[in-house]
Amino acid sequence: MNSLFVREISISNNIPSGNYINNLPVVNWLKSNSLEFNKPVTFIIGENGIGKSTLIEGLAVALGFNPEGGSKNFNFSTENSHSDLYEYLSVRRGLKQPRDGFFLRAESFYNVASNIDQMDRMPASAPPVIDSYGGVSLHAQSHGESFIALTENRFGGNGLYILDEPEAALSPMRIMRLMCNIDRLVKQGSQLIISTHSPILMTFPDADIYEITHEGIELVPYSQTEHFQITKQFLNNPERMHKYLFEE
Ligand SMILES: Nc1ncnc2c1ncn2[C@@H]1O[C@H](COP(=O)(O)OP(=O)(O)OP(=O)(O)O)[C@@H](O)[C@H]1O
Ligand SMILES: [Mg+2]
């Protein structure tokens with residue numbers, strides 16, 4: 001069995017009143033419960049604005065990643081938009097240390113790409129940073145291509161990968177290619193924690209899916225998620241859904 005790098009998170013310190021994160025149901029749930037990671041792949045799902053990014057960004061920052069994304073060697077900052085949830089999180093780690101790691105934030109991946117180009121413009125004796133990303137500037141590729149290049153070239157296995165909506169730029173075919181990459185990473189001893197809205201991605205075999213709701217967090221099988229059921233209903237009969245949506 002794959003040994004996991006992150007086992008459990010909870011909230012251990014008091015969050016001052018007035019901090020907006022106190023209004024998030026996921027934060028309140030974590031004050032009296034802990035979230036366990038038991039599988040190499042864990043998905044975090046839930047409605048827009050429910051707190052997925054806040055949660056996984058808080059976890060990533062608590063583990064030492066740059067809030068805007070990247071590996072632990074990235075420390076650029078373009079905008080201080082992250083919450084301070086990391087200050088109150090308690091993370092129980094596994095016995096083994098990851099050899100690799102990356103925090104991918106769809107919203108600020110552009111800034112990661114710019115930072116790599118910037119580092120490579122500086123005189124250095126080391127090989128260019130972009131070499132470990134496939135050798136082609138991430139800005140010289142489409143949004144989806146650069147995401148796939150990242151997972152195929154930079155993610156080396158035996159690592160902890162925290163991904164916020166990695167499907168954002170991907171076509172359905174590329175989402176399946178991403179699933180093949182995730183499968184390879186798991187076979188190479190990795191742990192992935194992924195927030196997603198993709199009903200395709202969340203079918204990844206033997207993954208745990210935690211759904212954040214206004215009541216807290218619960219484990220759900222993919223077939224019971226609203227994302228999966230609504231997409232399936234829609235695709236089974238788009239015209240019927242149009243009638244429901246557009247007719248008075
Ligand atoms: N600086 C802030 N002040 C007040 N509220 C904030 C601030 N930043 C974020 N929020 C609120 O926190 C909530 C959770 O945001 P978050 O980005 O975690 O949602 P999400 O589940 O990732 O949504 P999505 O699916 O759209 O990515 C949102 O309702 C947002 O408006
Ligand atoms: Mg989000």
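Which residue in β9 stands opposite threonine 213? It is glycine 216. The structure is a predicted model, in which local features need pLDDT of at least 70, side-chain atom pairs count only at pLDDT 80 or more, and totals for chains, interfaces and linings use all residues. Residues are numbered from 1 along each chain as its sequence is written, and side-chain values use heavy atoms, with hydrogens and water left out.

**Overall form**

- The protein contains seven helices and nine strands; these are DSSP runs numbered from the N terminus, with helices being H or I of at least four residues and strands E of at least two.
- The radius of gyration, taken over C-alpha atoms, is compared with a globule rule of 2.2 Å times the number of residues to the power 0.38.
- For 248 residues, a compact globule would have a value near 18 Å, and the 19 Å of the protein agrees with this.
- The C-alpha trace spans about 65 × 45 × 40 Å along its principal axes.

**Surface and contacts**

- The accessible surface amounts to about 12,600 Å², and carbon and sulfur atoms account for 50% of it; areas come from the Shrake-Rupley method with a 1.4 Å probe.
- Of the 248 residues, 50% are buried, meaning under 20% relative accessible area, against over 50% for exposed and in between for partly exposed (1.4 Å probe, protein chains only).
- Contacts are heavy atoms within 4.5 Å; among those between residues at least 6 apart in sequence, 76% join residues at least 24 apart.

**The six-stranded sheet**

- An open sheet of mixed pairing has the strand order β5-β6-β7-β3-β8-β9, where two strands pair if DSSP finds at least two bridges between them.
- Its edge strands, β5 (100–105) and β9 (216–219), each pair on one side only.
- Neighbouring strands of this sheet are turned by 15° against each other on average, direction ignored; the axes are lines fitted to C-alpha atoms, for helices over the stretch in contact, and angles run from 0 to 180 degrees between N-to-C directions.
- Strand β3 (residues 41–45) runs parallel to β7 (residues 191–195) and is joined to it by four bridges, with threonine 42 opposite isoleucine 193.

- All six of the six residues of β8 (residues 208–213) are buried, so the strand is largely enclosed by the rest of the structure.
- Asp208, Tyr210 and Ile212 point one way from β8, while Ile209, Glu211 and Thr213 point the other way.
- In a regular strand, side chains alternate between the two faces of the sheet.
- β8 pairs with β3 in the parallel sense over four bridges, and isoleucine 44 stands opposite tyrosine 210.
- β8 and β9 run antiparallel, joined by four bridges, and form a hairpin with two residues between them.

Technical notes: Chains are lettered from A and ligands numbered from 1 in the order in which they are written.
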